[in-house]
Amino acid sequence: LIMDEDLQITAQPSDVESCTGDLATYHIGASGSNLNYRWEYNSVPLNDFGNVSGTNTNTLVIQKIEKSNAGVYNCLVTGSCGSQRSIPASLVVNDTAAITQQPVNDTVCIGNNAEFRISSAGAKTYQWQKDETDIPGSNTQVLTLTNINAADSGVYRCIVIGTCDTIYSDGALLKVMTPPQITIQPLAVNACEGQQVTLHSEATGSELTWQWMKNGNPVAISGD
């Protein structure tokens, strides 16, 4: 007389949380006579296909997992003395981070506000930088700078931190324009008809252009 060993599950499969493109495995341990395994996905029996293999073994392997592989897995173990189904084990598939909208360059005048914005997928948090140095407290999709001054000019970028990876946005240039300020006023000149007269003025500011005026009207020829 040969007595078959009672079926007993000795190790249950565990939940898996991973990233798209990674490898996921589920393992079940069992004892008993003449054991057979059948893995199920969302309560439906599985067959080997595509990136899924080992559906009739004690180890289920899913290679280069995709979002479509997410769900609940369990194993039906059958032996000479009956069958048992494992506890369900979930597969959570996280997206890799991706930037869908990059920040863009901006030009503002001193005292005004500036805004940089980023859109992304698969992000858990954000970190904005100026000239590759972290800006404390700037951890959202939108970076707002108020009351801009000349020291704010530079290149801004965002670090997108996801469950699976960390990526960097393109750099966006903030150009800060200073308003014009006349530092030397032209002086009154007395001259006789036919004489050459030179009027001189100096100013500071961003991207200055000059236009001389006579009695409130533009002078046809202008210069520095």
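This is a predicted model: local features need pLDDT of at least 70, side-chain atom pairs count only at pLDDT 80 or more; totals for chains, interfaces and linings use all residues.
## A sheet of three strands

Let's start with an open sheet whose three strands come in the order β3-β8-β7, paired in the antiparallel sense. On the edges sit β3 (24-27) and β7 (52-53), each of which pairs on one side only. In general, the strands of a sheet pair through backbone hydrogen bonds, in either a parallel or an antiparallel way.

Take the β3 side of the sheet. Four bridges join β3 to β8 (residues 59-62), and the two run antiparallel. Ala24 has Ile62 of β8 as its bridge partner. On the β7 side, two bridges link β7 with β8, again antiparallel. Here Val52 is the residue that stands opposite Ile62. The hairpin of β7 and β8 has five residues between its strands, and Gly54 takes a positive phi near 80° there.

## The two faces of β8

Which residues of β8 are on its covered face, and which on its uncovered one? Leu60 and Ile62 make up the covered face, while Thr59 and Val61 are on the uncovered face.

Leaving aside residues up to four places away in sequence, Ile62 touches a whole list of others, including Ala24, Tyr26, Val52, Tyr73 and Leu91. Asp22, Leu23, Asn51 and Asn69 are also among its contacts.

## Aromatic rings that meet

How many aromatic pairs turn up in a search of the whole structure? There are four. One of them brings together Tyr26 and Trp39: the ring centres are 6.4 Å apart and the planes stand at 45°, so this pair is tilted. Tyr26 belongs to strand β3 and Trp39 to strand β5 (residues 36-41), so the pair ties together parts that lie 13 residues apart in sequence. Tyr26 counts as buried, because its relative accessibility is 1%, under the 20% cut-off. Trp39 is buried too, with a relative accessible area of 0%.

Tyr26 has another ring partner, Tyr73. Their centres are 5.2 Å apart and their planes at 25°, which is under 30 degrees, so the pair counts as stacked. This one links distant parts of the chain, with Tyr26 in β3 and Tyr73 in strand β9 (residues 71-79), 47 residues apart. Both Tyr26 and Tyr73 are buried.

As a general point, nonpolar side chains tend to be buried together in soluble globular proteins.

## A serine in a loop

Last stop: Ser138, found in the loop between β17 (133-134) and β18 (142-145). Is Ser138 buried or exposed? Its relative accessibility is 7%, so Ser138 counts as buried.

What lies around Ser138? A polar atom of its side chain is 2.5 Å from the backbone oxygen of Ile135. Not counting residues up to four places away in sequence, Ser138 touches Tyr126, Gln127, Trp128 and Leu143.

Note on methods. Residues are numbered from 1 along each chain as its sequence is written. Side-chain values use heavy atoms; hydrogens and water are left out. Two strands pair if DSSP finds at least two bridges between them. Rings of Phe, Tyr and Trp (its six-membered ring) pair if their centres lie within 6.5 Å; planes under 30 degrees apart count as stacked, over 60 as edge-to-face and the rest as tilted. Buried means under 20% relative accessible area, exposed over 50%, partly exposed in between (1.4 Å probe, protein chains only). A polar contact is a pair of N or O atoms within 3.5 Å; within protein, one must be able to donate a hydrogen and the other to accept it, and residues adjacent in sequence count only if both atoms are side-chain atoms. Contact means heavy atoms within 4.5 Å.
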